[in-house]
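Subject: Structure handover and notes

Dear colleague,

Here is the structure I said I would pass on.

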Amino acid sequence: MKRSEINAAIVTAKKRLEEYRITLPEFAYWSVEDWKSKWDVTGRIRERMLGWDVSDFGSDDFDTMGAVLFTVRNGDKNDTENKAPYAEKYILLDDTKEQSLPFHYHIDKTEDIINRGGGVMVVEMFNKAEDGKEDRENDIVVYQDGIRHTYKPGEPIYVTPGNSITIEPYMYHRFYAQKGKGYLICGEVSKVNDDNCDNIFLYPQSRFIPVEEDEAILHPLVNEYDNI
Ligand SMILES: [Fe+2]
């Protein structure tokens with residue numbers, strides 16, 4: 001992705017969050033210079049990969065595959081005392097661009113994906129088949145805000161503002177904003193998040209992608225702290 005595309009996506013995300021009176025932690029607004037000057041006190045933020053995360057998952061087409069994410073908090077899988085066994089993110093999806101996250105499952109993480117407002121979230125899910133691919137035969141069973149639901153494999157599940165869906169390990173899922181219903185602000189509340197190891201994609205994808213530096217960095221991404 002081009003840096004200009006990443007910067008523009010973050011600017012839009014911040015604007016939409018502001019419209020919904022959502023303010024992120026201070027480090028969401030820091031420049032590269034701010035990060036450099038605060039380096040000594042930000043070890044925990046950097047280690048736990050908190051912050052902006054913009055990816056097209058290697059598709060080279062951010063308009064149809066990609067999202068702006070912001071990790072607000074996260075535990076550390078190497079913390080043997082497991083003092084913070086949770087994570088929280090925002091996931092921002094542009095309904096005018098048919099943006100989607102690619103089909104993937106997690107081995108370890110259970111996550112609640114929440115529609116925080118702005119649009120309608122559409123979720124598609126499959127069980128993982130024996131061969132590792134998507135199971136197109138058997139229904140899926142999920143909990144949505146504590147209530148059990150059964151759906152056909154891959155059937156669109158519409159989640160309106162305030163509502164959520166619980167995604168357990170080994171369930172393929174993808175989600176996107178329903179077109180024309182508004183820019184979508186999703187939340188994620190989950191077990192500790194490990195984006196380096198715990199995303200198994202149905203089709204070959206990259207979680208973090210190379211960036212073409214065609215303009216200055218607005219905010220560094222979670223995988224870039226060591227390079228600034
Ligand atoms: Fe996921």
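The notes below go from the whole chain to its parts.

This is a predicted model, in which local features need pLDDT of at least 70 and side-chain atom pairs count only at pLDDT 80 or more, while totals for chains, interfaces and linings use all residues. Residues are numbered from 1 along each chain as its sequence is written.

Whole chain

The chain has three helices and 14 strands; helices (H or I, at least four residues) and strands (E, at least two) are DSSP runs, numbered from the N terminus. A compact globule of 228 residues would have a radius of gyration near 17 Å, and the chain agrees, with 17 Å. That radius is taken over C-alpha atoms, and the globule rule is 2.2 Å times the number of residues to the power 0.38. Along the principal axes, the C-alpha atoms fill a box of roughly 55 × 45 × 35 Å.

Of the 228 residues, 32% are buried. A residue is called buried if 20 or more other C-beta atoms lie within 10 Å of its own, exposed if 12 or fewer, and partly exposed in between, with C-beta atoms placed from the backbone. Among contacts with a separation of 6 or more, 74% are between residues 24 or more positions apart; a contact has C-beta atoms, placed from the backbone, within 7 Å.

Helix α1

Helix α1 covers residues 3-19, and its 17 residues should span 24 Å at 1.5 Å a residue; the end C-alpha atoms are 24 Å apart, which agrees. The expected span is 1.5 Å times one less than the number of residues. I6, A9, A13, K14, R16 and L17 are the buried residues of α1. They lie on the same side of α1, because they cover an arc of only 165° around the axis, the arc being that of the directions from the helix axis to the C-beta atoms. The cover over these buried residues includes β1 (51-55), β2 (67-74), β3 (87-93) and β13 (184-190). Exposed residues K15, E18 and E19 sit on the face turned away from the buried side.

R21 follows α1 and lies in the loop between α1 and α2 (32-37). Its phi is near 55°, a positive value in a residue other than glycine. R21 counts as exposed because it has 7 C-beta neighbours inside 10 Å.

β1 pairs with β2 in the antiparallel sense over five bridges, and D53 has L69 in β2 as its bridge partner. Two strands are said to pair if DSSP finds at least two bridges between them.

β13 is also mostly covered, with five of its seven residues buried. Seven bridges join it to β3, and the two run antiparallel; in this pairing K89 stands opposite E188. Strand β5 (residues 111-117) is likewise antiparallel to β13, over six bridges, and D112 has V189 in β13 as its bridge partner.

Nonpolar core

What touches the most other members of the largest nonpolar core? Among its 41 residues, these are L92, L93, M121, V123 and C186. A nonpolar core here is a set of buried Ala, Val, Leu, Ile, Met, Phe, Trp, Tyr and Cys residues joined through C-beta atoms within 7 Å. Leaving out residues up to four places away in sequence, C186 touches Y90, I91, L93, I113, I114, N115, R116 and M121. In soluble globular proteins, nonpolar side chains tend to be buried together.

Loops

The loop between β13 and β14 (200-201) contains N196 and D194. N196 counts as exposed, because it has 11 C-beta neighbours inside 10 Å, whereas D194, with 19, counts as partly exposed. The C-alpha atoms of D194 and M49 are separated by 8.9 Å, although the two are 145 residues apart along the chain. For N196 and K109, 87 residues apart along the chain, the C-alpha separation is 13 Å.

D145 lies in the loop between β8 (140-144) and β9 (147-151). D145 is another residue other than glycine with a positive phi, near 50°. It counts as partly exposed, with 13 C-beta neighbours inside 10 Å.

Regards

How values were computed. Contact = placed C-beta atoms within 7 Å.
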